[in-house]
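I opened this entry to log what I looked up, strand pairing to begin with.

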Amino acid sequence: MGLSVTISAADAQDAEHILKLQYLCYQSEAELYGDWSIEPLTQSLDALRAELDEGYGLVARLGDEVVASVRGRLHEDGTVRIAKLIVHPRMRRHGLGGRLLDGIERHFAAAAPAMASAKRYQLFTGHRSEGNLRLYRSKGYAQVSTRELGPKLTLVTLEKAA
């Protein structure tokens, strides 16, 4: 009997598992850009816990194993900034990233009466991260800006209305 992936809210007990998965998942991004000092690879456990406390996170589990995650935070201007959408390399290309993206958007849309209203969803990725860009565009995100961080990396910011 196979296991199915379940998605639920992340909690403090998930932080260490998320951090380990994040480190694994961002290896390919670091290699793509030739930069091993990117924030997801240097983030501390305390900083990740703070992100979860200040915002909202989801985890996807295969049995007891955390195989994917995403985090988001609603800002005062109504922008939900979605960050660190990660999927274990062996679980990629099965729709899990899209399910997490849909889930985090649903959370902030449903939470609107209890907090400031979400007006837009925003995220960013590197200009060479074609798989990420393809996923985000397929979910209705459009490029709104770019910012050159150095000779090897340009951040592409994408957004869609809530």
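I started with strand β1 (residues 5-9) in this predicted model. β1 runs antiparallel to β2, and five bridges join the two strands. I looked for a facing pair and found S8 opposite V59 of β2.

Next I followed β2 to its other partner. Strand β3 (residues 65-74) pairs with β2 over seven bridges, again in the antiparallel sense. Here L62 stands opposite E65 of β3. β2 and β3 make a hairpin, with two residues between the strands. I checked the turn: G63 has a positive phi of about 65 degrees.

Is β2 enclosed or open to the outside? I went through residues 56-62 and noted that five of the seven are buried, so the strand is largely enclosed by the rest of the structure.

Then I turned to the largest pocket. I noted a volume of about 1500 Å³. Its lining holds 50 residues, and those closest to the centre are Y26, L85, T125, N132 and Y136. I sorted the lining by type: 21 nonpolar, 16 polar and 13 charged.

Last, I looked up D77, which sits in the loop between β3 and β4 (79-87). Its relative accessible area is 39%, so D77 counts as partly exposed, between the 20% and 50% cut-offs. A polar atom of the D77 side chain lies 2.9 Å from the backbone nitrogen of T79. Setting aside neighbours within four places in sequence, I found D77 in contact with K119 and R120. I also checked A118, 41 residues from D77 along the chain: the two C-alpha atoms are 8.4 Å apart.

Notes: Residues numbered from 1 in each chain as written. Predicted model: local features only at pLDDT ≥ 70, side-chain atom pairs only at ≥ 80, totals over all residues. Heavy atoms only, no water. Buried < 20%, exposed > 50% of the residue type's maximum accessible area, 1.4 Å probe, protein only. Helix = DSSP H or I, 4+ residues; strand = E, 2+ residues; numbered from the N terminus. Pairing = 2+ DSSP bridges. 1 Å grid on protein atoms, 1.4 Å probe; cavity = no way out; pocket = protein on both sides within 12 Å on 5 of 7 lines; lining within 4 Å. Points joined across faces, edges and corners; volume = space filled by probe spheres on them. Nonpolar A, V, L, I, M, F, W, Y, C, P; charged D, E, K, R; others polar. Contact = heavy atoms within 4.5 Å. Polar contact = N/O pair within 3.5 Å; in protein donor to acceptor, adjacent residues only side chain to side chain.
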